[in-house]
Amino acid sequence: MQQINTKCLIIGSGPAGYTAAIYTSRANLSPVMYVGHQPGGQLTTTTEVENFPGYHNGVTGTQLMDDLHKQASRFGADIRTGIITDIDLTQRPFVAHADDGTEIVAQTVIISTGATARYLGLPDEDRYKGMGVSACATCDGFFYRGRRVAVVGGGDTACEEALYLSNIASEVYLIVRKNHLRASKVMQRRVVEKPNIHILFNTNTEGLYGAEFLEGAHLVEHIGTDNERHYDLPVDGFFLAIGHTPNTELFRPHIALDDTGYIKTFDHSTATNIPGVFAAGDVADPHYRQAITAAGSGCKAALDTERFLNEQA
Ligand code: NDP
């Protein structure tokens, strides 16, 4: 077993993790970063990012992450493919193990593990996963060329997925449980203006059907009212876009979480309840969840880490 010692272990590789890696390497902390299950994080499953400052023509999520990776590497961050499988946060230095067999002894830890797409919880979702059910239009949209698909959700993600799919599929049905969209006005306008996107307001999904592959969804409109109506919508693809769950499993039970499962940070900083452990990005942010806010908090986590180590010296 290989053992490495580091001043700072960064877990997760979205905009928060990479920004923390850039700042900690420039501060001479020689960070070690494990990129996790989804190298580059959620942005690698998105299409065009138009609101990250500095990219005036927009940039793909993959390109943005690639740029951040190169920038962190340039300053010497030790960026490793793989996942951290366990970590002992009960005493410092913290001891973690990675799936490549490495033991990492770290004076500080920056958690930037992000969040994962949420599913409705219907048993049928599991049955048709990979056979019509997906939570990533940019990953799987290609398979639905000229076919009919549904997207569940009314936020920016759902609108973005619906718009992306509208250029591939013949018809896109946006299933929205309320009578309005939560998405930003600009996204709402784009969706409404697309002739092949049909918004189904006040609609919930009760189940899915199909012999082997997905063939459609059982829907209910105006549930619980006098106008309640059950009907089937034939679709070949069913895309979930109903929000995310923070990836905190590895750090329980020691790390303090809020009521919705996000890591709690204290004193307007990235400090968690454990001295020497900091949290950045979506794993600690139920509110903003933007690439730029994640990057900003990655910077804060790096500065908090540096100060913490200076105080210990
Ligand atoms: P949101 O939490 O904003 O939206 C989730 C949507 O899913 C809501 O419409 C919600 O409905 C619906 N929903 C949740 N649970 C269920 C359920 N069980 N059944 C049916 N519908 C459900 O998540 P997003 O992922 O869309 O966005 C997260 C953040 O990321 C936001 O701040 C957003 O602005 C940002 N974002 C920005 C983008 C950009 O700027 N390019 C792109 C994508 C996201 P209800 O409204 O009824 O609660």
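This is a predicted model: local features need pLDDT of at least 70, side-chain atom pairs count only at pLDDT 80 or more; totals for chains, interfaces and linings use all residues.

Mentor: Let us begin with a term: a residue is called buried when its relative accessible area is under 20%, exposed when that area is over 50%, and partly exposed in between. Side chains of opposite charge can pair when their charged atoms come close. Counted with a limit of 4 Å between a side-chain nitrogen of Lys or Arg and a carboxyl oxygen of Asp or Glu, the salt bridges number seven.

One of these joins Glu50 to Arg190, with a distance of 3.5 Å from N to O. The two partners come from distant parts of the chain, 140 residues apart: Glu50 sits in the loop between strand E3 (48–49) and strand E4 (59–60), while Arg190 belongs to helix H6 (residues 185–193). Glu50 has a relative accessibility of 52% and is therefore classed as exposed, whereas Arg190, at 34%, is partly exposed.

Another salt bridge links Lys129 with Asp126, whose closest N and O atoms lie 3.4 Å apart. Here Asp126 reaches 55% relative accessibility and so counts as exposed, while Lys129, at 41%, counts as partly exposed. A further pair is formed by Glu221 and Arg229, with 3.0 Å between N and O, and Arg229 is partly exposed because its relative accessible area is 40%.

For a contrast in accessibility, consider Leu208 in strand E14 (residues 203–209), which has a relative accessibility of 4% and therefore counts as buried. Leaving aside residues up to four places away in sequence, Leu208 touches Asp124, Glu125, Tyr128, Val133, Leu214, Gly216, Ala217, His218 and Phe238. Its C-alpha atom is 26 Å from that of Gln42, a residue 166 places away along the chain.

Elsewhere, helix H1 (residues 15–26) packs with helix H2 (residues 61–74) at an angle of about 20°, their axes being 9 Å apart. Because of that angle, H1 is roughly parallel to H2, and H1 passes H2 in a left-handed crossing. On the H1 side the contact is made by Pro15, Tyr18, Ala21, Ile22 and Ser25, which meet Met65, Leu68, His69, Gln71 and Ala72 of H2. In contrast to the charged pairs above, this contact of H1 with H2 holds seven nonpolar, three polar and no charged residues.

Notes
Residues are numbered from 1 along each chain as its sequence is written. Side-chain values use heavy atoms; hydrogens and water are left out. Axes are lines fitted to C-alpha atoms, for helices over the stretch in contact, and angles run from 0 to 180 degrees between N-to-C directions. Helices (H or I, at least four residues) and strands (E, at least two) are DSSP runs, numbered from the N terminus. Angles under 35 degrees count as roughly parallel, over 145 as roughly antiparallel, 65 to 115 as roughly perpendicular and the rest as oblique. A crossing is left-handed if the near helix is turned anticlockwise from the far one by less than a right angle, and right-handed if clockwise. Contact means heavy atoms within 4.5 Å. Ala, Val, Leu, Ile, Met, Phe, Trp, Tyr, Cys and Pro count as nonpolar, Asp, Glu, Lys and Arg as charged, and the others, Gly among them, as polar. Buried means under 20% relative accessible area, exposed over 50%, partly exposed in between (1.4 Å probe, protein chains only).
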